[in-house]
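Trainee: I would like to go through the labels used for the aromatic rings here. Please set each value against its cut-off.

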Amino acid sequence: MTTPHAFEDTEAFAHTLDAEDALRGYRDAFHFPPGPDGKPVVYLAGNSLGLQPRNAARYIQEELEDWARLGVEGHHHGRHPWLHYHELVTEQAARLVGAKPLEVVVMNTLSVNLHLMMVSFYRPTKQRFKILVEAGAFPSDQYAVASQVRFHGHDAREAVLELKPREGEETLRTEDILDTLERHGHEVALVMLGSVNYLTGQAFDLAAITKAAHAKGCLVGFDLAHGAGNLKLSLHDDGPDFAVWCSYKYLNAGPGALGGVFVHERHAHTKDLPRFEGWWGHDKQTRFQMGPTFHALPGAEGWQLSNPPIFQLAALRASLELFDQAGMAALRAKSERLTGYLEFLLDKLPQGFVRITTPRDVKQRGAQLSLRFRGEPQGLLKRMGDAGIVCDFRKPDIIRAAPAPLYNSFTDVYRFVKALEGYARE
């Protein structure tokens, strides 16, 4: 739990925290949009779209120049040959999610990857055909899961098992998830949860869920859209069968950026695992022999379909370099302190003005606090935008504020809450 007595409600204290922050220099590695007054905004929307790393334009420009200078020869003779370009980010991505390089590949986008993984890991039988999800999961996950069960001939109303909070509560209890697995695990083919719920900001205990699900014979996958670059993950040790993520949120790779896939190494050499096949997943040694029979690369790379978009990879490389330098342990420690400070300041606002719906326990949340305000939140959001503060709104009445530790400061948090205080006292 956070310790409120460790904080002070003064701008000078926020500046002190920033001065003591060993990661403060990374803020200068990003472009901040200007606000209405021309000054950089207080940007608390990295859970929706991360800021642009300053090196992204340079890295993309290098590849544009090599394309202009070399044409097709850029695949072999560019500064970073395109044939192997995706491998430049593999080890960084693996460290980011706590995996081995064999277990990780950057490719496609999140929903595409989710479908590819369910082709392999959702294998329903007559007795075991259900998918366990959290109620209120991100819509794309809901659509993907429902369409997969229908594809296999099942009724989604029967085959999709939803985890719901207890009456009067807004987040799930770990014991209730584990109890559901104990009672229904024998009929669950796949557990498919978000690592962090996009709406509530709740982070789940991936290790405990995986252990309980595997004990009941279920396969396990996680959507890390709000986890990668936010939580300190240990996918290899936690042991899920797969995970997928995007990179345009906390990973700052730009709108529509490439996603990533984790496949545990116990599946790395499985020959009879069903999958959709494409030539970029074929054995590298014989790929250009153009043979008619597919031979999968070992590990996550074997799920690749097509050669990847180089410009998107260049933008992602610019961001992953920063994550790799900072380290997720240090980023996570700062994140817990940022949200603790945000929580402390919000609790000092006039009673009844705002309610935090994200868990108070820092171990059950990431960088996002979901807030319910008295009155009309969309109007409040517009007023904050006019004051140079960027958050986002999710229906029915939630404003999400996410101080990202790679570029947000404690002064950002202070300015955000002081603006809210002015509105609350009107």
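Predicted model: local features only at pLDDT ≥ 70, side-chain atom pairs only at ≥ 80, totals over all residues.

Mentor: Residues are numbered from 1 along each chain as its sequence is written, and side-chain values use heavy atoms, with hydrogens and water left out.

Trainee: Why is the pair of F7 and F344 called tilted?

Mentor: Rings of Phe, Tyr and Trp (its six-membered ring) pair if their centres lie within 6.5 Å; planes under 30 degrees apart are stacked, over 60 edge-to-face, and the rest tilted. The centres of F7 and F344 are 5.7 Å apart and the planes at 45°, so the pair is tilted.

Trainee: What makes F353 and F373 edge-to-face?

Mentor: Their planes stand at 70° with the centres 5.3 Å apart, so the pair is edge-to-face.

Trainee: How do you know that F353 counts as buried?

Mentor: Buried means under 20% relative accessible area, exposed over 50%, and partly exposed in between (1.4 Å probe, protein chains only). F353 has 5% relative accessibility, so it counts as buried. F373, at 8%, is therefore buried too.

Trainee: What makes R275 a charge over the ring of W303?

Mentor: The criterion is NZ of Lys or CZ of Arg within 6 Å of the ring centre and within 35 degrees of the ring normal. R275 lies over the face of W303, 3.9 Å from the ring centre. The charged end of R287 sits over the ring of W280, at 4.0 Å from its centre.
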